[in-house]
Amino acid sequence: MRKNSFRFIPVIKKEEENPGSVEFQVINFTNKIRKLTSHFELHRKDYLSQRGLRKILGKRQRLLSYLAKKNRIRYKKLINQLNIRESQIR
């Protein structure tokens with residue numbers, strides 16, 4: 001039996017429960033990315049899922065760049081909460 005190396009990020013605050021908010025979408029994409037990453041530990045040659053992962057990564061990156069332009073404070077708070085790196089592309 002293998003241990004899951006990923007953890008889901010629960011949505012805690014009431015304002016973040018809006019499924020249309022950028023924060024909610026980024027948290028949801030991050031959970032999917034972590035789930036797929038752990039899936040690839042077992043299934044290294046699952047190329048279709050790798051394509052899906054790249055698409056999700058692109059969507060999350062676009063949302064994060066949008067948030068960084070609109071509200072830098074919310075962006076910093078979110079990347080710290082999710083423990084992800086800040087984008088190097090400007």
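Colleague: Which residues in H2 meet residues in H3?

Modeller: Leu64, Leu67, Ala68 and Lys70 in H2 meet Arg72, Arg74, Tyr75, Leu78 and Ile79 in H3, where contact means heavy atoms within 4.5 Å. Helices here are DSSP runs (H or I, at least four residues), numbered from the N terminus. This is a predicted model, in which local features need pLDDT of at least 70 and side-chain atom pairs pLDDT 80 or more, while totals for chains, interfaces and linings use all residues. Residues are numbered from 1 along each chain, and side-chain values use heavy atoms, without hydrogens or water.

Colleague: At what angle do H2 and H3 pack?

Modeller: Two packed helices are described by the angle and the distance between their axes. For H2 and H3 (residues 72-82), the angle is about 135° and the axes are 6 Å apart. H2 is therefore oblique to H3; oblique covers what is left after under 35 degrees (roughly parallel), over 145 (roughly antiparallel) and 65 to 115 (roughly perpendicular). Axes are lines fitted to C-alpha atoms over the stretch in contact, and angles run from 0 to 180 degrees between N-to-C directions.

Colleague: How many salt bridges are there?

Modeller: A salt bridge is a side-chain nitrogen of Lys or Arg within 4 Å of a carboxyl oxygen of Asp or Glu. The count is three. One of them joins Arg74 and Glu23, with the closest N and O atoms 2.5 Å apart. Arg74 is in helix H3 and Glu23 in helix H1, so the pair ties together parts that are 51 residues apart in sequence.

Terms used. Helix = DSSP H or I, 4+ residues; strand = E, 2+ residues; numbered from the N terminus.
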